[in-house]
Amino acid sequence: MTAHRTSRREFMGLSGAGLAGFVGAQWPIGRADAAVDQDPDLVVVNAKIYTVDPLVPRAEAFAVKGGRFVAVGGSEEVRSLARKGTQVVDAQQMTIVPGFIDAHNHAPGPILLYDVIVGNPYDVEFVTIASIVDKLKARARTTPPGHWVEGFFFDDTKVQDKRALNIHDLDQVSREHPVSVRHRGGHTTYYNSKAFELAGVTKDTPNSASGTFDRDENGELNGRVTDRARNVFLGKGQRLTYTADQRQARNRDAHAFISKQFVRYGLTSVHHEGGDLSALLEVRDRGDLLHRVSYEPADDMVEILIAQGFATGFGDEWVKLGATYEHTCDGSFSERTMALSVPYPGVVPPYQGNVTTTQEDLNAWVERVHRGRIQVNCHANGDVAIDMVLTAFERAQRVFPRPDPRPKITHCTLINDDLLRRIKAVGAVPAPFTSYGYYNSDKFRFYGEELMKRCMAFRSFADAGITAAAGSDFSPGPFAPLMGMQGMVTRTGWNGETWGANQRISVDEALRVLTINGAYASHEEAIKGSITIGKLADFVILADDPHTVPQDKIKDVAVFRTVTGGRTVYQA
Ligand SMILES: [Zn+2]
């Protein structure tokens, strides 16, 4: 905690008093100096500030002391707070918004840094199958036979060849190595013949409700394996091993690397799905952690935390224990394996997606975590899976009522009126995909307009009074918040197609989704998510105003500067 002496109650009072004065040209700053008991470290003036604070929605200037906002208001008044040691920044009428928050991100630093990347992680780009094979061949040449050769960030609708990647492509890479290419969506992987041989899978191996071995028109394995069916490859083949020190160094460098990527795009807080916590803390201690982390621990750590009595909220303003790692209940939106109550349009034989848990197992897990005072987080895309997680949440609250537990529904993609009502009633927080409206518009035809009207339903959530955050799910979606905003506002994708236009929200609503709602999703709305006196000084200076640029150019608005806790962590 920082050392300012004015209490939060007084800060809030000042904001409230300021509101009365916020009429015409009068900025609500009259007595901001009363909130500054020491010289500010930083004063920013002459800006177009969207605070995302309903009490004082717009401002021209703010002051920062000890990593927190200590004054928000008009340029003249805030400038007058500057003392000898104060850094004064003239924003020259640039736009400033609170630091963006990504409420679901796998932060795959080690993959980005050390593995074979076969697609563009950050933006729409079409690649060729030949380029994928070439990259994997190059890796195979330096990999001992019998060891895995793996590619990442494949996107089946961003391929110039206009056909699916298959087992024959990957057999070209190698017959001596097991080879896999993972779809960036994370729920399907393509394998070569050697991999199937090691796993003992043949064309006669049966599918199950939780995953499939896909076949071509002749009934032969085509290489694609979905969801839990991939478990047969666990423990098969060999992988390079590292000493504990080597692992720590690799993971540390990877965390530092991805932190730099996040702040380039204006993210100051990210909800991490697991990852090496020890390495993360080392990065923080070295001063290389540029964004704040709501750490969502994987299953094995959750069990330890429950046993030891740790609860959500443990930690500090940089690394804090958040909800759990997403507990996966169904398949993927982008890879078309999510669990639907209706068959996928046009798929033969009829297919309704994969359910990856039973209601009984889910109920037990949710109750155990909920009783442990750890925020529950379930991955549910399809309406069938969302129904299952709500059933488990409702039951857990019945048997063990807790105030305001905010169970998180990661993705929460396909909703209906009944699910909306239940989400609202149980106080769940949906975190739909940030960037799919723009990035994955090429996949919406697989669902069709009738379903897309109910997918990534930001409008429905807002109208129902449900606080929805947004999570990129990166790897699956690019994490650029402004790409996300453009898709939420336009529902028009990179290919010019518009789907589910009824779910459009305004720029201001999207800004809330990407800031304060993300803070709400981790119970941190009192300390971040808006430019408010007393909150952490996390903000982004944008070269243009997303409110006034053409809506199809929002994603191109440049991040000029990103500031976390008053410290500039990225400068264009
Ligand atoms: Zn995820």
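Ala-107 counts as buried in this predicted model, because its relative accessibility is 8%, below the 20% under which a residue is called buried.

**Backbone geometry**

- Most residues other than glycine have a negative phi, and most peptide bonds are trans.
- With a relative accessible area of 33%, His-523 is partly exposed, whereas Ala-107 is buried.
- A cis peptide bond with an omega of about -5° joins Val-348 and Pro-349, and Pro-349 has its place in the loop between β18 (327-328) and α10 (359-371).
- Phe-474 and Ser-475 are also joined by a cis peptide bond, for which omega is about 15°; Ser-475 is found in the loop that runs between α15 (458-463) and α16.

**Nonpolar cores**

- The largest nonpolar core has 55 residues, and those with the most contacts inside it are Phe-333, Met-456 and Met-485.
- Two or more residues of this core come from each of the elements β10 (149-154), α7 (244-264), β15 (267-273), α13 (436-439), α14 (449-452), α16 (481-490), α17 (507-513) and β22 (539-542), and α16 gives the most, with 5 residues.
- Leaving aside neighbours within four places in sequence, Phe-333 is in contact with Met-338, Asn-381, Thr-413, Phe-433, Tyr-436, Phe-444, Tyr-447, Met-452, Cys-455 and Met-456.
- Another core, of 32 residues, lies apart from the largest one, and among its members are Val-366, Ala-380, Val-389 and Phe-461.

**Helix α16**

- Helix α16 is largely enclosed by the rest of the structure, because 10 of its 10 residues are buried.
- The buried residues of α16 are Pro-481, Leu-482, Met-483, Gly-484, Met-485, Gln-486, Gly-487, Met-488, Val-489 and Thr-490; of these, Met-485 is also among the residues with the most contacts inside the largest core.
- Arg-491 follows α16 and has a positive phi, near 55°.

**Helix packing around α10**

- Two packed helices are described by the angle between their axes and the distance between the axes.
- Helix α10 packs against helix α11 (residues 383-399) at an angle of about 45°, with the two axes 9 Å apart, and that angle makes α10 oblique to α11.
- The crossing of α10 and α11 is right-handed.
- From α10, the residues Gln-359, Leu-362, Asn-363, Val-366, Glu-367, His-370 and Arg-371 meet Met-388, Val-389, Thr-391, Ala-392, Phe-393, Arg-395, Ala-396, Gln-397 and Val-399 of α11; Val-366 and Val-389 are both among the residues of the 32-residue core.
- Helix α9 (residues 299-308) and α10 have axes that come within 10 Å and cross at roughly 45°, which makes α9 oblique to α10.
- The crossing in which α9 passes α10 is left-handed, and the contact is made by Asp-299, Val-302, Glu-303 and Ile-306 of α9 together with Trp-365, Arg-368 and Val-369 of α10.

**Surroundings of Val-540**

- Val-540 has its place in strand β22, and at 0% relative accessibility this valine counts as buried.
- Val-540 and Gly-266 are 274 residues apart along the chain, while their C-alpha atoms are separated by 5.9 Å.
- Not counting residues up to four places away in sequence, Val-540 touches Thr-95, Ile-96, Val-97, Pro-98, Gly-99, Phe-100, Gly-266, Val-559, Arg-561 and Thr-562.

**Confidence of the model**

- The chain has a mean pLDDT of 93, and 94% of its residues reach 70 or more.
- Over residues 1-34 the pLDDT is below 50, and this stretch has 52 contacts in the model beyond near neighbours in sequence.
- Where pLDDT is low, the predicted coordinates should not be read in detail.

Terms used:
Residues numbered from 1 in each chain as written. Predicted model: local features only at pLDDT ≥ 70, side-chain atom pairs only at ≥ 80, totals over all residues. Heavy atoms only, no water. Core = buried A, V, L, I, M, F, W, Y, C linked by side-chain atoms within 4.5 Å. Buried < 20%, exposed > 50% of the residue type's maximum accessible area, 1.4 Å probe, protein only. Helix = DSSP H or I, 4+ residues; strand = E, 2+ residues; numbered from the N terminus. Contact = heavy atoms within 4.5 Å. pLDDT = per-residue confidence, 0-100. Axes fitted to C-alpha atoms, helices over the stretch in contact; angles between N-to-C directions. Parallel < 35°, antiparallel > 145°, perpendicular 65-115°, else oblique. Left-handed = near helix turned anticlockwise from the far one by under 90°.
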